[in-house]
Amino acid sequence: MLKVEQLEFFYAKDLPILKNINFQVNRGEFISVLGESGSGKSTLLKLVYGLEEVVSGRICFEDKLVTGPKFNLIPGHPDMKLVPQEFDLLDFVTVEENVGKYLSNFDIPLKKQTIEKALEVVNLLDFKAQFPNKLSGGQRQRVAIARAIATSPKLLLLDEPYSHLDQPLKFELRKNIWNWAKNTGCTVFLTTHDAKDVLGFSNQIMIMKNGAIEQYDTPENLRNNPVNEYVASLLGEYVVLKPKEMKDLFGIEISESRSALIYPEELEIQSSGNAFQILQSFYQGRDYLVEVMRNDVILKFYSKSIPESNFVSLNLNQYRLI
Ligand SMILES: Nc1ncnc2c1ncn2[C@@H]1O[C@H](COP(=O)(O)OP(=O)(O)OP(=O)(O)O)[C@@H](O)[C@H]1O
């Protein structure tokens with residue numbers, strides 16, 4: 001449905017912003033773009049929507065070239081909707097009217113029903129008669145998402161859609177948008193900084209750094225086989241051990257040119273053996289994240305309770321080389 005080939009982009013000639021971007025999105029897929037601030041996520045979304053002019057390469061949507069503002073009177077592709085980080089709501093008409101802004105008045109009952117369904121997805125049905133200037137930042141963000149959803153776009157582009165939301169709302173909205181996309185078959189392309197937004201709620205994850213794609217894969221493949229430490233660092237807790245550290249701590253030999261990446265769940269307490277000193281424990285809800293040290297190397301593992309002694313022995317069940 002969406003094909004991006006050899007895409008290059010800059011705002012100022014000597015400062016490349018996107019470099020050799022190649023990827024493809026299938027119809028109905030939910031894609032999350034994760035990357036550090038300034039890596040080019042929002043710029044990529046704007047180019048896909050047609051808000052910026054491609055410098056070189058091409059973007060095709062449903063086998064047709066996406067053209068930029070030079071070629072279109074109304075900015076943005078008609079079959080897509082982009083919810084940017086700054087949402088331009090009309091403050092002196094109601095939430096309901098805002099959400100219905102792009103809907104036809106031909107069938108008013110259908111329009112009302114569409115608006116209500118969209119407000120239900122973002123959990124704002126009770127606010128339909130409110131004016132946006134009386135709403136919080138998070139509520140305004142949800143109105144903007146509902147307005148985009150209501151138009152049933154073929155491709156929905158969301159730029160950090162959960163940035164203004166508290167944790168419970170964020171969790172609910174993530175689930176609702178995921179289910180809405182599954183039920184309607186809408187393709188979704190969203191940007192975020194938060195690993196929790198992506199692992200359970202994406203078909204594919206795109207990791208970006210310095211304007212390039214570091215890795216593009218399913219959540220499982222990405223976490224099991226990150227191509228480098230940067231990718232792993234965006235997805236949660238981990239440690240990296242050098243060959244000598246692997247040998248000293250676990251007696252495992254690995255190639256001198258590689259390192260071992262270990263997630264906390266891959267270490268478990270065993271009754272005897274190597275002794276790691278416990279440094280700190282962090283309560284996580286379901287368990288504790290425990291930091292331990294030996295030979296100046298810090299490791300992390302999960303434990304149901306804080307270990308009682310000052311030292312523990314650990315078994316390494318799994319690791320991958322990076
Ligand atoms: N209109 C603009 N003119 C010039 N440079 C820009 C413009 N918009 C963005 N940039 C630059 O392009 C680079 C990528 O910005 P972009 O907003 O795409 O990154 P991002 O990954 O979405 O960041 P964030 O996560 O902070 O939103 C940054 O270096 C930014 O300073």
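Phe301 sits in strand 16, which covers residues 297-303; strands here are DSSP runs of E with at least two residues, helices are runs of H or I with at least four, and both are numbered from the N terminus. This is a predicted model, where local features need pLDDT of at least 70, side-chain atom pairs count only at pLDDT 80 or more, and totals for chains, interfaces and linings use all residues. Residues are numbered from 1 along each chain as its sequence is written, and side-chain values use heavy atoms, with hydrogens and water left out.

**Two residues to look up**

- Phe301 counts as buried because its relative accessibility is 0%; buried means under 20% relative accessible area, exposed means over 50%, and partly exposed is in between, using a 1.4 Å probe and protein chains only.
- Leaving aside residues up to four places away in sequence, Phe301 touches Pro264, Leu267, Ile269, Tyr288, Leu289, Val290, Val292, Pro307, Val312 and Leu314 (a contact means heavy atoms within 4.5 Å).
- Tyr263 is 38 residues from Phe301 along the chain, and their C-alpha atoms are separated by 7.6 Å.
- Lys117 belongs to helix 3, residues 108-121.
- With a relative accessible area of 54%, Lys117 is exposed.
- Between Lys117 and Arg294 there are 56 Å in space, C-alpha to C-alpha, and the two are 177 residues apart in sequence.

**Around the ligand**

- The ligand is surrounded by 13 residues, and the closest are Ser37, Lys41, Ser42, Thr43 and His193; a residue counts as near if one of its heavy atoms lies within 4 Å.
- Helix 1, residues 41-49, gives the most to this shell, with 3 residues.
- Sorted by class, the shell has 8 polar, 3 charged and 2 nonpolar residues. Ala, Val, Leu, Ile, Met, Phe, Trp, Tyr, Cys and Pro count as nonpolar, Asp, Glu, Lys and Arg as charged, and the others, Gly among them, as polar.
- The side chain of Ser42 has an N or O atom 2.7 Å from an oxygen atom of the ligand.
- On its own the ligand exposes 630 Å², and the protein buries 60% of that; accessible areas come from the Shrake-Rupley method with a 1.4 Å probe, and for residues only the protein chains shown count as cover.

**Strand 14 and its partners**

- Strand 14 (residues 276-283) pairs with strand 15 (residues 288-294) in the antiparallel sense over 6 bridges; strands pair if DSSP finds at least two bridges between them.
- Strand 14 is also joined to strand 17 (residues 311-316) by 2 bridges, and these two run antiparallel as well.
- Look at Gln277 to see both pairings: Gln277 stands opposite Met293 in strand 15 and opposite Phe311 in strand 17.
- The hairpin of strand 14 and strand 15 has 4 residues between the strands, and Gly285 takes a positive phi near 105° there.

**The whole chain**

- The protein chain has 9 helices and 18 strands.
- Its C-alpha atoms fill a box of roughly 75 × 45 × 30 Å along the principal axes.
- Of the 322 residues, 48% count as buried.
- Among contacts with a separation of 6 or more, 62% come from residues 24 or more positions apart.
- The chain exposes about 16300 Å², with carbon and sulfur atoms supplying 49% of it.

Conventions. Polar contact = N/O pair within 3.5 Å; in protein donor to acceptor, adjacent residues only side chain to side chain.
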